[in-house]
Amino acid sequence: MFILVLFSVIFFTTGCWDRVEIEERGIVIASAIDLVDKKDDKYTLQLTNQLVIPGRVGTPSEGPSSEKNPYINLSVAGESLSSLNNQMRQMTNQNPFYQHLKVIIISEEVAKEPHLFTNIMDVYVRDYDMRRSTRIVITDGESASASSILDIEPELNPLPGMYIEKLMDGVYDNASAIEPVVLGDLHGDLLMDKSFILPQIELKGNFVEYQNAGVFQGYSNQLIGVLDLEETKGLALLTEKSPGGMLDVYVDGKLVELDMTEFRTNIEIKGQDKANLKASADVEINANIIENFGDESLLNEAYENKLEQQAEERAEQLMKQTIDKLQGDFQVDVLGMSDILYRRHYDLWKEVEDNWERGENYFSQMDIEVSAKVTIERVGASDSLRKQQEEAE
Amino acid sequence: MKHFEYADEKISEQEILVAVPSILIGVGILALPGQLAEPTIGVDGLISLLISGSLLILVVWLISKVAASFPNQEFITYASVLVTKPVAAILTMLFTIQGVMVSAYVVRVISDIAEDYLFERTPVEVIALCFLLIVVYAVSGSRAGLFRLNMLFLPIILIIFFAIITFSAGIFEVNNLQPFFKTDFTGYLQGIKESALSFVGFGILFFYIALVRKTKKAPKMAAFGMGITVIIYMIIFIVSVGVFGNITSSNLIFPVIELAKEIEVPGGFFERFDSLFFVIWIMAIFNTMCMAFDATVFALKSVIHVKKMKLILILSPLIFFIGAFPEGYNEVEKFGSFISHYGLVLAIGTMFLLVVILKIKGVKKGG
């Protein structure tokens with residue numbers, strides 16, 4: 001009898017507190033944060049979560065199993081993100097589950113408010129569920145709100161959140177976009193009050209364009225400006241933030257497009273005197289010719305030298321442009337100069353630390369020289385098309 | 001209850017080698033990289049770790065040496081010879097208190113972490129109780145069996161730690177380690193203190209050497225075991241600083257857990273490495289706790305002659321309630337820090353006392 005009771009206890013009273021059926025998990029793949037209202041120091045934020053509905057995604061071979069979208073976007077507004085989370089819990093039967101969160105989209109208005117960005121990020125580094133590999137992007141404020149980006153209906157990928165993530169993976173041949181920034185990287189920058197950059201996305205109809213770089217000022221933690229295509233390319237060259245990309249070079253007025261397959265940047269800081277800091281940035285670029293508007297044969301050495309020289313000038317010009325903008329308009333160091341000082345010239349760094357981006361503004365006074373070395377590796381499968389036509393005439 | 005009886009309750013020297021890392025690798029290592037990174041700059045904490053580690057290897061060697069001078073004698077027996085019976089009894093009781101507190105602390109920390117990262121809605125008390133009951137079951141069995149369990153688990157634990165190290169190679173940045181040697185003197189001292197406090201529990205070697213069949217090589221083996229632990233701590237510290245950087249490491253409460261969360265096994269096949277890490281790490285904690293609890297029972301039994309099972313049943317509710325006592329993260333932290341100080345002072349103090357008196361009186365050979 002006793003054994004019988006014992007067995008029935010084992011079989012009928014066991015349970016698991018934390019059992020959540022997969023259908024009940026609201027798997028969040030993307031979050032968008034918008035600023036709704038601002039009164040004095042109080043902000044009202046809007047959080048939009050994109051929840052996947054696994055049943056509607058379907059298998060690749062069968063295609064989508066229903067006409068409806070395989071996701072829902074839920075928006076709530078409130079003061080803190082965790083309270084928004086709670087509100088969301090009250091609206092659906094599903095529990096937001098953030099372990100698969102791929103992207104956090106921050107609207108430009110939010111990013112522009114001083115210190116608000118850090119407060120938002122706090123919940124993402126504090127929550128045990130969050131993963132440090134979640135990517136963070138900002139939107140282009142004029143085009144649309146962050147939440148509207150989650151409303152697009154991409155043809156190639158049923159889930160907008162996934163689409164944006166895949167888009168960022170394609171950055172390897174595009175130097176006008178920087179590599180995705182993940183929460184883990186950002187954590188350190190925020191702690192150290194370092195200036196940092198975040199990639200930007202822009203809504204273009206039913207597509208999203210991933211380009212440019214938003215520059216954040218370290219001590220105020222706010223977006224102070226955006227680097228455009230060319231400046232981002234210069235930044236990529238200076239910081240190796242992008243693994244390659246295109247370089248447009250004019251040789252004798254004719255456009256030649258180079259594909260940078262690899263580049264290595266070496267920045268060195270010279271001068272032990274804090275008022276007289278000098279840095280040199282040397283970039284070595286390996287490139288292939290991928291498109292040629294010119295009419296000379298690419299297979300002669302003189303032309304190659306000329307092309308390389310022009311390419312070097314172009315790269316240097318791009319970098320200078322970026323440096324001018326950063327030292328002049330923005331006065332923020334996103335070139336990693338402070339890291340180099342911290343690592344290799346620690347004592348000097350301690351002297352300039354408090355006056356790096358403000359006060360004496362040592363960063364802006366720094367003299368940065370750039371030089372580029374371009375090596376053309378391949379010309380492609382054929383020589384100049386134009387020339388052959390000329391010969392035929 | 002019937003269970004398999006081993007031929008004798010003796011262990012080999014190799015089992016001592018394995019027991020030392022099993023005892024030490026537990027709760028401390030999860031937070032260590034952060035605590036060590038805080039007072040130091042770059043990977044300078046490594047120097048502190050190396051100094052405190054080497055000192056403690058010496059301490060462990062001396063402890064085992066003292067205990068091994070009296071082969072097959074229990075602590076109370078040889079301590080009575082050296083420092084009279086009442087003092088020996090008091091020391092034993094102090095070690096018992098340490099064992100109870102360590103067990104309580106471990107139960108508390110493991111259930112807190114499990115609650116935070118794994119079971120959101122399961123009550124903490126239930127997790128603690130489950131864990132405690134399993135440990136009680138293990139401890140009520142054969143003592144030599146526990147050592148064999150250590151031998152079984154340690155390789156698995158080492159494999160998972162090396163897996164973390166290997167898979168984090170992709171996100172490891174050598175630049176994060178710089179600058180070198182920029183910490184000031186007080187920073188190093190602070191680092192030595194923090195790292196020394198993370199090695200808690202080696203004091204129970206006073207008791208366990210008595211179980212070793214041939215004690216000749218035991219001190220060397222114990223020191224080796226300590227060496228392995230120090231090396232693992234050092235590697236974990238380097239990896240943590242290399243991946244997160246010094247400042248982020250010191251900001252994270254448990255850098256090692258975040259490390260397990262951060263790394264991804266290449267190929268996208270296995271995104272959540274942390275799930276595996278938790279399983280294995282709980283095994284490590286289980287070893288720590290079993291040894292602490294068992295040592296407590298072992299020590300207490302040598303003073304109070306009560307049946308082992310009775311002692312376990314008296315101690316386990318005590319452990320459960322002491323563990324439930326601290327409120328909130330800060331109090332748990334304070335409790336942990338108190339135990340670390342207590343354990344370190346007790347082990348080193350006892351060691352000094354016994355070594356000095358042993359030198360004065362001289363070792364009586366034979367026995």
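Residues are numbered from 1 along each chain as its sequence is written, while chains are lettered from A and ligands numbered from 1 in the order of writing. Because the model is predicted, local features need a pLDDT of at least 70 and side-chain atom pairs count only at 80 or more, whereas totals for chains, interfaces and linings use all residues.

Confidence comes first. The pLDDT is the predictor's confidence in each residue, from 0 to 100. Its mean is 79 in chain A, where 89% of the residues reach 70 or more; chain B averages 86, with 95% scoring at least 70. Helices (H or I, at least four residues) and strands (E, at least two) are DSSP runs numbered from the N terminus. Where pLDDT is low, the predicted coordinates should not be read in detail. The model as a whole scores ipTM 0.76 and pTM 0.83.

Where the chains meet, 15 residues of chain A are in contact with 18 residues of chain B (contact means C-beta atoms, placed from the backbone, within 7 Å). On the side of chain A that touches chain B, helices H8 (183-191) and H11 (337-344) of chain A each supply at least two residues. H8(A) gives the most, with four residues.

H11(A) also has a buried side. A residue is buried if 20 or more other C-beta atoms, placed from the backbone, lie within 10 Å of its own, exposed if 12 or fewer, and partly exposed in between. In H11(A), A:Met337, A:Ser338, A:Leu341 and A:Tyr342 are buried. Seen down the helix axis, these buried residues fall within an arc of 135 degrees (taken from the directions from the axis to the C-beta atoms), so they line one face of H11(A). Their cover includes strands S12 (254-270) and S13 (278-292) of chain A.

Those strands are paired, meaning that DSSP finds at least two bridges between them. S12(A) and S13(A) run antiparallel, joined by 14 bridges. Seven bridges join S12(A) to strand S11 (residues 245-251) of chain A, also antiparallel. In the hairpin of S11(A) and S12(A), two residues lie between the strands, and A:Asp252 takes a positive phi near 50 degrees.

In chain B, 19 of the 27 residues of helix H10 (residues 218-244) are buried, so H10(B) is largely enclosed by the rest of the structure.

Note on methods
Contact = placed C-beta atoms within 7 Å. Expected span 1.5 Å × (residues − 1).
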